[in-house]
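Visitor: I would like to learn how such structures are described. Please show me one.

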Amino acid sequence: MAHADTTHAPPAHPPAHEEETTTGINHRKLLMWVFLGSDCLFFGSLIATYMVYRGQSIVGPYPRDIIDVPITTVSTFVLLMSSFAMVMGVAAARNGNQKRLIQWLWLTIVLGSIFIGFQVYEFNLFRVEGLRYETNLFSSTFFTLTGFHGAHVTLGIFWLICLAIVAARNPAGRPSHLDVDIAGLYWHFVDIVWIVIFTLLYLIGGFDGPPEAGHAAVQGWNWVTGLIS
Amino acid sequence: MSTNPGQEAAMAHDEHAAHEEHAAHEDAGISRFFFGHVPEGVHGGLKQYGLLAIFLAIITLIEFLIIVPEGLQGSGVVIAPLVILSVIKFFCVVAFFMHLKFEHELLWQIFVAGLALGLVVALSLVLLFGVFRPTPRAFSEPRQVPFEHHVEDHHEAVARPLPDELPPPADPADLAPAAPAGATAAGASPGQTLFVGTAACASCHTIQGVAQGVLGPPLDGIASAAANRISGYSAEEYIRESIVEPDAYTAGTADGLSQDYQQGLMSATMAGIVLSDEDVEALVEYLLQLR
């Protein structure tokens, strides 16, 4: 990619990014991918914790009382579209089109903020309905997982705002294509984590009740253990 | 045109190079972008990314529609299609939005390694605590010592037999006298000792100054309340039945309590605990004092 960068960078591209590396991959980009690989482990553990305690809350509210799948489908769509805006921003940065870059960045920021708005609304609704962090196993694992995801999105929004401001102040080649590209990787990663969360916590786990109602899960596991033994 | 094969090849090569150079400033075609080999430096544009965004939105819509019928909500049937659809979404975003398809293979390896490790950790945790759960529970439940707040002599309350000193849980005769040794506070009745000790009542029930459980109904004033719960039952009969056969009657808001308590929960959590007749009588005697 370092090669592609040198070929297609805008004229005012700072030479600092043209460094040679032993792998041929820019160090910052490599670092971001290593970080994303490790973040898979982070979210993997949180998701596993949710799945381990799934359907074991012995006091309500249970997911089926409180999870709103239609609203979250809308917020999932919004986050997906923000990924589209982001990738268009990266494309604009690659083509050196600073004006388009700024527009796409702001669209991404707005869509990301709408997603966070949905999450704030959801968390607050849960609190009002009596589902606090310490209420039951469901609430603790749910808020930990989705809260950390929301924190990732929020950090991404701040990052993109910084890029948009830098781009607006420096029309000539700043931020570089690589700067935008790396922020985009982070943003898309947050999107794919949400794809997993949406499926497991909302579409599959959103109808869980107290332990005896989680029977489908128990049956599933019995089936798995039956296969193993 | 009469050119020799060598020249032709050279020209083809030049043309190819020129084409690549040209393509670098355009976008790749749609089918080549998604399925074919894309030379380095060629990228997608509005056409490709827009198409992918629509595709991903449609998958999200299908996922939603799958769980719209009430019969399918929470059913095991939908798990496989939902997981497959989200895996497709996941890898579309990784391959095209994160353009990993067009990157150095080392980046693929790094990401897939992290992803695989995360999956293995998640699967191991779920297997350990999901599938093999019954074994540790059966061992630990008879040995559990309820946590107590607000105990004045903290050290005395915390002192309790080491696991080695505990008799095997399977023998009910040995169970009862085991806990009192350390857990007894001075002046406590045998019933109270059982309550906070081996009978483990205190892990779910609240009695002011004695226990702070939250899962079962509070037992302050139970002696007075018990006399009125079921008509024809004396307080003593009601309390005894509630211990021996917890599911016969489950107290709730109808009895003036703040919430309904879950049917079957007590018999499930008490499954590993065996009480002798004397234990039950001691507990009944103790609870009858709570007026």
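Visitor: How do the residues of the lining of the second largest cavity divide into nonpolar, polar and charged?

Guide: There are four nonpolar, five polar and two charged. Ala, Val, Leu, Ile, Met, Phe, Trp, Tyr, Cys and Pro count as nonpolar, Asp, Glu, Lys and Arg as charged, and the others, Gly among them, as polar. The model is predicted: local features need pLDDT of at least 70, side-chain atom pairs need 80 or more, and totals for chains, interfaces and linings use all residues. Residues are numbered from 1 along each chain as its sequence is written, chains are lettered from A and ligands numbered from 1 in written order, and side-chain values use heavy atoms, without hydrogens and water.

Visitor: Which residues line the second largest cavity?

Guide: Among them are A:Tyr50, A:Arg54, A:Phe138 and A:Asp208. Helix 2 (27-53) and helix 6 of chain A each give two or more residues.

Visitor: Why are helix 5 of chain A and helix 6 of chain A called roughly antiparallel?

Guide: Their axes cross at roughly 155 degrees. Angles over 145 count as roughly antiparallel, so these two helices are roughly antiparallel to each other. Their axes come within 9 Å.

Visitor: What is the handedness of the crossing of helix 5 of chain A and helix 6 of chain A?

Guide: The crossing is left-handed. That term applies if the near helix is turned anticlockwise from the far one by less than a right angle.

Visitor: Which helix of chain A gives the largest share of the lining of the largest cavity?

Guide: Helix 5 of chain A does, with seven residues. The largest cavity has a volume of about 130 Å³.

Definitions and conventions. Axes fitted to C-alpha atoms, helices over the stretch in contact; angles between N-to-C directions. Helix = DSSP H or I, 4+ residues; strand = E, 2+ residues; numbered from the N terminus. Parallel < 35°, antiparallel > 145°, perpendicular 65-115°, else oblique. 1 Å grid on protein atoms, 1.4 Å probe; cavity = no way out; pocket = protein on both sides within 12 Å on 5 of 7 lines; lining within 4 Å. Points joined across faces, edges and corners; volume = space filled by probe spheres on them.
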